[in-house]
Amino acid sequence: MGGARDGGPGPRGRRCRQKTTSMSRVPTWQRFSLASAWPLEQLYEGRAPPELRSQHLPLDPPAIMQLLLNLVLAPIVLIWLLPLLSDLMAATKVLFGARGRPEPVGRGESPQSLLILVPAHNESGQISDCVAAIGRMESTSADVRLIVIADNCSDDTATKARAEGAEVWERTNLDLRGKPHAIQWALDRCELDQIDCISIVDADAQVHPEFAKALVESGALRERAVQTYNALLNPDGGWAALLGELLGRSKYEGQYQLKARAGLNAPMTGNGMCMGTGLIRRCGWASDALTENWEMYARFTLARERID
């Protein structure tokens, strides 16, 4: 009997030791689970088991670090999930019969003015093909102007662009580097009142011959934005190029078409994005953004501006 009372040997003693195992040996998450099964008023009134009443259930350092990490990562995960949520919203709207937005209004009697900006930093090996492709575009009723921005170049990018017939603006500013600042610099020097739409084309890209014609025929451009189709020049250039082509088609022929049918804005991808000067005046240009295309997509969408 004495052995059973003080935890000595014997079946009863072993049972007592099993029942009174210290809570400090139980992992933190299990202690919280046990405590959460008892209402607080029962804990305070003494109706809960003694081991729960005597424990303050403190968080150990690893648990605190895990909690802080979760608090930091949660907003990041939510941001990464926003495109998925947008796609689910589009699919839901289409499923329930959304008809999309009305077609853009006509371009009017006067021809539209289209300015193509090509920001280029040390693109000597690509700029000639880029400018030549723009020069081969089919004729259109629009007034098309091309400006190559030779931004902080230390090679012959400007010389090669001029050789292909492009108008070249040379910029040197070692404090404000990068594509967004170069575009802002050019916008500050343009007479936006005389321009309907500005298109940004990367120096390593080549536009389709019907690029300008398709833009103009899509309707008035001054008060909306358009994201054009980006495809690979060499989709048969190996498995990486093939994968890029498949991803591009899934976006432009699947995801973005679904958004259009649901009446939602299509994301802007940077290369080939076209912005009406009316939108630029109202929303500004993202000169300080790391990814100017996503910044402009967010600005236009929050301002309820249209992106096709």
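The accessible surface of this protein chain comes to about 18,700 Å², and 57% of that belongs to carbon and sulfur atoms (Shrake-Rupley method, 1.4 Å probe; for residues, only the protein chains shown count as cover). What you have here is a predicted model, in which local features need pLDDT of at least 70 and side-chain atom pairs count only at pLDDT 80 or more, while totals for chains, interfaces and linings use all residues. Residues are numbered from 1 along each chain as its sequence is written, and side-chain values use heavy atoms, with hydrogens and water left out.

**Confidence**

- The mean pLDDT of the chain is 78, and 71% of its residues reach 70 or more; pLDDT is the predictor's confidence in each residue, from 0 to 100.
- Over residues 1-24 pLDDT stays under 50, and the model has 14 contacts beyond four places in sequence for them (contact means heavy atoms within 4.5 Å).
- Residues 26-45 also have pLDDT under 50, with 24 contacts beyond four places in sequence.

**Overall build**

- The chain holds 13 helices and six strands; these are DSSP runs numbered from the N terminus, with helices being H or I of at least four residues and strands E of at least two.
- Of the 308 residues, 38% count as buried (buried means under 20% relative accessible area, exposed over 50%, partly exposed in between, with a 1.4 Å probe and protein chains only).
- Among contacts between residues at least 6 apart in sequence, 70% join residues at least 24 apart.

**Nonpolar cores**

- The largest nonpolar core has 29 residues, and those with the most contacts inside it are Leu117, Leu187, Ile198, Met268, Met275 and Phe300. Such a core is a set of buried Ala, Val, Leu, Ile, Met, Phe, Trp, Tyr and Cys residues joined through side-chain atoms within 4.5 Å.
- At least two residues of this core come from each of β1 (113-120), β2 (143-151), α9 (179-189), β4 (197-200), β6 (273-276), α12 (277-283) and α13 (292-302).
- Helix α9 gives the most to this core, with five residues.
- A second, separate core of 28 residues includes Leu146, Val148, Ala158 and Leu215.
- Leaving aside residues up to four places away in sequence, Met268 has contacts that include Met275, Trp294, Tyr297 and Phe300.

**Ala133 and its partners**

- Ala133 sits in helix α7 (residues 127-135) and is buried, at 3% relative accessible area.
- Beyond four places in sequence, Ala133 touches Gln206 and Val207.
- The C-alpha atoms of Ala133 and Gln206 are 5.6 Å apart, although 73 residues separate the two along the chain.

**Salt bridges**

- Side chains of opposite charge can pair when their charged atoms come close.
- The count comes to 14 salt bridges, each being a side-chain nitrogen of Lys or Arg within 4 Å of a carboxyl oxygen of Asp or Glu.
- Lys179 and Glu292 meet in one of them at 3.4 Å, N to O. Lys179 lies in helix α9 and Glu292 in helix α13, so this pair ties together parts that are 113 residues apart in sequence.
- Lys179 is partly exposed at 22% relative accessibility, while Glu292 is buried at 7%.
- Glu305 and Arg282 pair at 2.8 Å, N to O. Because Glu305 lies in the segment after α13 and Arg282 in helix α12, the bridge ties together parts 23 residues apart in sequence.
- Glu305 is buried, at 13%, and Arg282 is partly exposed, at 46%.
- Salt bridges with shared partners join Lys179, Asp202 and Glu292 into one network.
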